Amino acid sequence: MSQLLSFQKSLWKEEGIINPEKASEDDISNFNKTNNILMPYELNLYFKEINGTSGEYDNKFFCFYSINNFKNIEEKFKEWDDETSFKQLSLYMNNSKKYYVFADYQCHLIAYAVLIDENHSDKNNVIAICGDTYKEISPSFMEFLRMYIDDDEKIYLN
């Protein structure tokens, strides 16, 4: 396990929000088959070692999802009220089906999604979504995690 994941795991364990159920190889394989994708190594490792915050918000008011709640933007927000900005985002955003939402801040004030694109497997940038706008904030999931741990103001869209 990477030092970054190990450190994150210990932080969430201290807060009592670490998910006791880790993703298995079968969980990852089923996710890949269901979504017709190949999950990048760093996400694969994250779900196997940590798998989110058990649906709980941490001390910074972030909730990280388990593999069972890891869905693309279109799927994640399809059941939201038609008037919501999040749902409208999937109508005009390029590649909304290739961005998978893995966390939110302050009960969906901001959502975070990572690009999973087999045609560009080396590029797994993270975007922050607020209403019907979005902005790339990190070139990778692990870099986002580092920014989160460091409480980098960029993750708050500042």
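Predicted model: local features only at pLDDT ≥ 70, side-chain atom pairs only at ≥ 80, totals over all residues.
Visitor: How do S1 and S3 pair?
Guide: Strand S1 (residues 62-64) and S3 pair in the antiparallel sense over 3 bridges. Strands here are DSSP runs (E, at least two residues) and helices are runs of H or I, at least four residues, numbered from the N terminus; two strands pair if DSSP finds at least two bridges between them.

Visitor: Which residue in S3 is the bridge partner of Phe 62?
Guide: Tyr 105.

Visitor: And over how many bridges do S3 and S4 pair?
Guide: S3 and strand S4 (residues 110-115) pair over 6 bridges, antiparallel. Tyr 99 stands opposite Leu 115 in S4.

Visitor: Is S3 buried or exposed?
Guide: 7 of the 7 residues of S3 (residues 99-105) are buried, so this strand is largely enclosed by the rest of the structure. Buried means under 20% relative accessible area with a 1.4 Å probe, protein chains only.

Visitor: New topic. Which element gives the largest share of the lining of the largest pocket?
Guide: H2, with 5 residues. A pocket is an open set of points on a 1 Å grid over the protein atoms alone where a 1.4 Å probe fits, with protein on both sides within 12 Å along at least five of seven lines; lining residues have an atom within 4 Å of a point.

Visitor: Which residues lie nearest its centre?
Guide: Of the 14 lining residues of the largest pocket, Phe 31, Thr 34, Asn 35, Phe 70 and Lys 71.

Definitions and conventions. Residues numbered from 1 in each chain as written. Heavy atoms only, no water. Buried < 20%, exposed > 50% of the residue type's maximum accessible area, 1.4 Å probe, protein only.
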